[in-house]
Amino acid sequence: MLDIKFIRENSEVVKKITQQKNINLDIDKLLRTDDSYRKLKQEIEKLQCEKNKIASQMKGGKPADELVKKGKEVKEKISGLDAEFKKVEKKYNELMLLTPNIVSKDTPTGKDENDNVEISRWGEPTKFDFEIKDHIELGKNLDILDIERGTKVSGYRGYFLKNEGVLMHLGLMMYALDKLVKKGFVPMVTPTIVREFALIGSGHFPSGKEEVFQIANPGKLASGEEIKESKFLVGTSEPSILAYRANEVIDEKELPLKYCGFSQCYRSEIGSYGKDAKGIYRIHEFMKIEQVIICKDDLSEADKQFEELRKIAEEILEELKLPYRVIQICTGDMGAGKYKMYDIETWMPSRNSYGETHSNSNLTDWQARRLNIKYKNKNGEKRFVYTLNNTAIASPRILIAILENYQQKNGSVVVPEVLRKWVGKDVIG
RNA sequence: GGAAGGGUGGCUGAGCGGUCGAAAGCGCGCGCUUGGAAAGCGCGUGUAUCGAAAGGUACCGUGGGUUCGAAUCCCGCCCCUUCCGCCA
């Protein structure tokens with residue numbers, strides 16, 4: 001969310017960014033709603049003042065008929081206006097939740113992913129002097145990945161990891177976790193089942209709701225039991241970590257807060273049925289270590305943390321010796337809440353291209369406003385915090401890059417050095 | 001799953017229809033006292049929103065209702081605690 005005052009005073013800026021982010025939202029309508037929201041509120045407050053005065057005249061003494069009558073009249077007026085106010089307030093809140101964050105000055109303006117800008121590259125696409133196999137074939141031959149039985153059991157986009165596939169998958173998690181803990185991040189195992197407010201807070205709701213699996217629908221079951229509240233499966237531990245601090249005021253001394261969340265992640269992938277249909281690039285569930293930083297509302301501080309998050313992800317890929325590039329995401333490809341965003345893409349030989357493995361975002365106070373997370377600064381003022389996040393590692397997608405880049409002519413796969421401790425061998429196969 | 005009791009300010013906790021934005025204690029801040037500190041004493045100490053200000057309004061888990069008037073009464077929901085049962 002943005003500050004409504006900011007929207008009032010900079011409506012042209014907000015309109016422009018709404019358009020640049022391809023968001024279907026009428027800012028003028030928001031402003032009109034805000035206007036009637038405030039007018040109605042003031043009217044109601046005036047009446048409430050009257051109501052309170054009448055009531056206080058009756059303190060102690062016996063109710064005077066005349067006053068009771070007057071009080072009733074005021075009450076009716078209030079309830080009339082209140083119905084109207086509730087409607088306007090609801091609309092206002094809906095529109096506010098859809099309002100996008102502004103973006104950093106260096107964010108490229110663009111329509112879609114084709115306008116993203118590559119800003120750096122590490123390593124060269126791996127060269128092979130033999131015919132390469134893709135991760136599906138490698139995984140099958142080495143008996144570490146079974147997609148056929150995965151779909152048998154789980155359906156489209158299902159998979160099993162087996163043997164060294166599992167050791168590598170979990171080894172990646174432990175490797176990343178270990179690194180982050182050493183860098184001072186607080187490790188967290190977070191809920192993957194969350195209430196709606198967490199997803200509204202992170203900005204995954206209301207737009208993007210179809211991306212999320214809902215696992216409880218309010219209503220009566222055939223058994224007669226009643227489900228009273230919706231529950232959802234998170235697509236990343238970010239919503240859980242942020243909601244962990246919802247409605248809190250954090251002491252400035254505690255900042256920046258650095259968390260790394262470990263969780264299974266669920267994505268419905270509705271709207272991308274035909275996309276990346278093969279292999280384990282686009283799947284319904286995966287594991288991820290996510291980095292989250294909560295810092296004070298200072299752009300240069302946030303930028304520093306943002307770059308730090310990026311550096312950690314790069315360090316991980318470099319230690320895994322996987323070629324990657326960093327892309328700066330343009331306005332049209334960015335997501336409503338983002339102020340600045342990089343994707344890191346890792347070289348995937350079978351795709352003959354880089355594939356997204358990390359996503360790094362600075363949301364400034366856009367999430368903090370939704371979740372009501374503040375900090376108290378040295379002057380005793382309460383300010384909304386800034387929030388940032390980046391992937392540390394997400395698997396099994398990263399296994400595509402590892403298996404394919406590390407494959408050898410005989411079909412075996414060399415285990416990246418940093419993972420050998422967990423896999424227990426140098427070569428698979 | 002059964003039974004009971006609860007959710008009040010940074011914390012503990014009183015209030016159970018008007019005098020309550022809310023006692024008291026702790027904590028915190030300022031001052032007095034002191035060689036300095038502790039103790040003691042005095043004063044202050046929630047948030048949001050509208051307003052230039054005076055001041056208004058809202059908030060006692062949350063959403064409704066009753067009432068001239070609700071922290072207090074009634075209902076839904078969320079959460080917590082205790083006991084029993086079941087269980088990875």
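Trainee: How many bridges join S6 to strand S9?
Mentor: 3 bridges join them, and S6 and S9 (residues 231–233) run antiparallel. This is a predicted model, where local features need pLDDT of at least 70, side-chain atom pairs count only at pLDDT 80 or more, and totals for chains, interfaces and linings use all residues. Residues are numbered from 1 along each chain as its sequence is written, and chains are lettered from A and ligands numbered from 1 in the order in which they are written.

Trainee: Which residue in S9 is the bridge partner of Ala 216?
Mentor: Lys 231. Strands (E, at least two residues) and helices (H or I, at least four) are DSSP runs, numbered from the N terminus. Two strands pair if DSSP finds at least two bridges between them.

Trainee: And what is the strand order of the sheet?
Mentor: S5-S9-S6, an open sheet of 3 strands with antiparallel pairing. Strand S5 (193–194) and strand S6 (213–216) are the edge strands, each pairing on one side only.

Trainee: Switching to the RNA. How many residues surround RNA strand B?
Mentor: 18, with Gln 48, Ala 55, Lys 59, Gly 71 and Lys 228 the closest. Near means that a residue's C-beta atom, placed from the backbone, lies within 6 Å.

Trainee: Which helix gives the largest share of that surface?
Mentor: H3, with 8 residues. Helix H3 (27–57) and helix H4 (65–98) each supply at least two.

Trainee: Last one: is Ser 300 buried or exposed?
Mentor: Exposed, because Ser 300 has 7 C-beta neighbours inside 10 Å. The cut-offs are 12 or fewer for exposed, 20 or more for buried, and partly exposed in between, with C-beta atoms placed from the backbone. Ser 300 is in helix H10 (residues 299–319).
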